[in-house]
Amino acid sequence: MTLQVWLLLSAILFVGTHFLMSHPLREPLVGRVGERPFRGIYAVVSLITFAMMVYFYHAIGREPPLWPAPSDALWLIASLLMWFASILFVGSFIKNPAFPGAPGPKGGPTGVFAITRHPMMWSFAIWAIVHMGLVAMPKALVLDGAILILALAGAAGQDRKKARQFGEAWHEWTAQTAFVPFTGGVAYPGTVALAGGTIFFFLVTWIHPIPAGFWRWIG
């Protein structure tokens, strides 16, 4: 099999194992091994399948782009989107009611959760969309597409799972928050998320293999 086929298979495995272990296999496995060992197994499987994707992605090397190289205008839009994704990502760690072991939603949404109830998932989704647009290679569509599918379908699945777990409290929470960012209105993400996300964005784009983010113009 070609490296491209191996990348596709590893992407299917990455997404498939996530869905299986997050939904139909979660309760049976937790009942058999316990919650903490299950989280360890989940993490190991996720790391292995993700590492497989990354390995075959790099092994393929450069491919003919599917569309022309991005312009400076597109790079600017991509940089702003990644800055926003970084703010969502950092803010998602602040009182996230969907985290494993979290007691559930309490009170109205604040910070990034007033923007979307799935800030971490949307940070991954935005990352995937931006990289697909900039890299423009078939291998990027596979790897980034897998992350995009996992992020958005995973967010929808999380809503269903948390609704079963928390019942009316989760329905009240979803009534006050939006699935898609800003469709429920514009909100301030919070000072910690804004400052932390900005620092995170500049740090990650600084160590990026190629000039990325605002470093393309200020580096």
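This is a predicted model: local features need pLDDT of at least 70, side-chain atom pairs count only at pLDDT 80 or more; totals for chains, interfaces and linings use all residues.
Arg 39 and Glu 35 sit 4 residues apart in helix H3, residues 35–60, so about one helical turn separates them. They form a salt bridge, with the closest N and O atoms 3.0 Å apart.

On accessibility, Arg 39 is partly exposed at 39%, Glu 35 is partly exposed at 29%, and Arg 26 is partly exposed at 21%.

The structure holds 3 salt bridges. Besides those two, Arg 117 pairs with Asp 159, the closest N and O atoms being 3.1 Å apart. Arg 117 is in the loop between H4 and H5 and Asp 159 is in helix H6, so this pair ties together parts 42 residues apart in sequence. Arg 117 counts as buried at 12% relative accessibility, and Asp 159 is buried with a relative accessible area of 12%. As for the other bridges, shared partners join Arg 26, Glu 35 and Arg 39 into one network.

Next, Asp 144, in helix H6, residues 138–166. Asp 144 is buried but has no salt bridge; Lys 139, the nearest side chain of opposite charge, is 9.7 Å away. Leaving out residues up to four places away in sequence, Asp 144 touches Trp 127, Ala 128, His 131 and Met 132.

Now helix H4, residues 72–91. Its 20 residues reach 29 Å from first C-alpha to last, close to the expected 28 Å. Its buried residues include Trp 75, Met 82, Phe 84 and Ile 87. Helices H5, H8 and H9 are among what covers the buried residues of H4.

Methods. Residues are numbered from 1 along each chain as its sequence is written. Side-chain values use heavy atoms; hydrogens and water are left out. Helices (H or I, at least four residues) and strands (E, at least two) are DSSP runs, numbered from the N terminus. The expected span of a helix is 1.5 Å times one less than its number of residues. Buried means under 20% relative accessible area, exposed over 50%, partly exposed in between (1.4 Å probe, protein chains only). Contact means heavy atoms within 4.5 Å. Lys and Arg count as positive and Asp and Glu as negative; His and the chain ends are not counted. A salt bridge is a side-chain nitrogen of Lys or Arg within 4 Å of a carboxyl oxygen of Asp or Glu.
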